[in-house]
Amino acid sequence: MNKMTTDTAIHVDVDNGITVVTFGSQLEHLDDHAVMLHQEELLATADTADPPRVLFDLTQVALFGSTFIEVIFRVWNRLNKQDGNQFAICGLSPYCLEVLQITHLDQLWPIHESRSEAISQMTSP
């Protein structure tokens, strides 16, 4: 497993067969501009993850808006076209969790408190 420094924008690594996309402290406020800069990388991750199991680690993200939710939905949709797919999110700030709860997307995507909890759940039979 690769480690990242906290100032890296986005880091992708594999942990127990799960492709983990970690958003660094540069993306604490994930505004529309930042999302647009990284959306192709995020979508490509959904296409290239093998097996198609992806975890977004948002531990260092304090807030995001509707543009990011759209990109999450597009990543999830691409994964859904592949057999054996899984998608989850971990490390949500209270604000980000509330946004997903209000939109009922917390019922669509599994949400975990930590990366280790998510990996454990995603790898259990």
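Two strands are taken to pair if DSSP finds at least two bridges between them. Helices (H or I, at least four residues) and strands (E, at least two) are DSSP runs, numbered from the N terminus. The structure is a predicted model, in which local features need pLDDT of at least 70 and side-chain atom pairs count only at pLDDT 80 or more, whereas totals for chains, interfaces and linings use all residues. Residues are numbered from 1 along each chain as its sequence is written, and side-chain values use heavy atoms, with hydrogens and water left out.

Strand pairing was examined around E4, which spans residues 53-57. Strand E2 (residues 18-23) pairs with E4 in the parallel sense, over four bridges. Within this pairing, Thr-19 stands opposite Val-54 of E4. E4 also pairs with E6, again in the parallel sense, and five bridges join these two strands. Here Phe-56 has Ile-89 in E6 as its bridge partner. E4 is mostly covered, five of its five residues being buried; buried denotes under 20% relative accessible area, exposed over 50%, and partly exposed the range in between (1.4 Å probe, protein chains only). The covering extends to both faces of the strand: Arg-53, Leu-55 and Asp-57 are buried on one side, and Val-54 and Phe-56 are buried on the other.

Strand E6 (86-90) is also among the elements that cover the buried residues of helix H3. In H3 (residues 94-102), the buried positions are Cys-96, Val-99 and Leu-100. Viewed down the helix axis, the buried residues of H3 fall within an arc of 95°, so they line one face of the helix; the arc is that of the directions from the helix axis to the C-beta atoms. In general, an α-helix has 3.6 residues a turn, so residues three or four places apart point the same way. Pro-94 and Ile-102, on the other side of H3, are exposed. Besides E6, the cover over the buried residues of H3 includes strand E5 (63-64), helix H2 (66-80) and strand E7 (111-112). After H3 comes His-104, whose phi is positive, near 65°.

The loop between E6 and H3 contains Ser-93. Ser-93 counts as buried because its relative accessibility is 15%. Its side chain reaches the backbone nitrogen of Cys-96 at 3.1 Å. This is a polar contact, defined as a pair of N or O atoms within 3.5 Å; within protein, one must be able to donate a hydrogen and the other to accept it, and residues adjacent in sequence count only if both atoms are side-chain atoms. When neighbours within four places in sequence are left aside, Ser-93 is in contact with Val-61 and Ala-62, contact meaning heavy atoms within 4.5 Å.

Cysteine pairing was then considered. A search of the whole structure finds zero disulfides, a disulfide being a pair of cysteine sulfur atoms within 2.5 Å. For Cys-90, the closest cysteine sulfur is that of Cys-96, which at 12 Å is too far for a bond. Cys-90 is buried, with a relative accessible area of 0%, and Cys-96 is buried as well, with a value of 1%.

Three salt bridges are found in a search of the whole structure; a salt bridge is a side-chain nitrogen of Lys or Arg within 4 Å of a carboxyl oxygen of Asp or Glu. In one of them, Arg-115 is bridged to Asp-13, with 3.0 Å between the closest N and O atoms. This pair links distant parts of the chain, as Arg-115 lies in helix H4 (residues 115-123) and Asp-13 in strand E1 (residues 10-15), 102 residues apart. Arg-115 and Asp-13 are both buried. Arg-115 also forms a salt bridge with Asp-15, at 3.4 Å from N to O. That pair likewise links helix H4 to strand E1, across 100 residues, and both Arg-115 and Asp-15 are buried.

Asp-47 belongs to helix H1 (residues 32-48) and Arg-78 to helix H2, the two residues being 31 residues apart and linking distant parts of the chain. Asp-47 is partly exposed, with a relative accessible area of 44%, and Arg-78 is partly exposed, with 27%.
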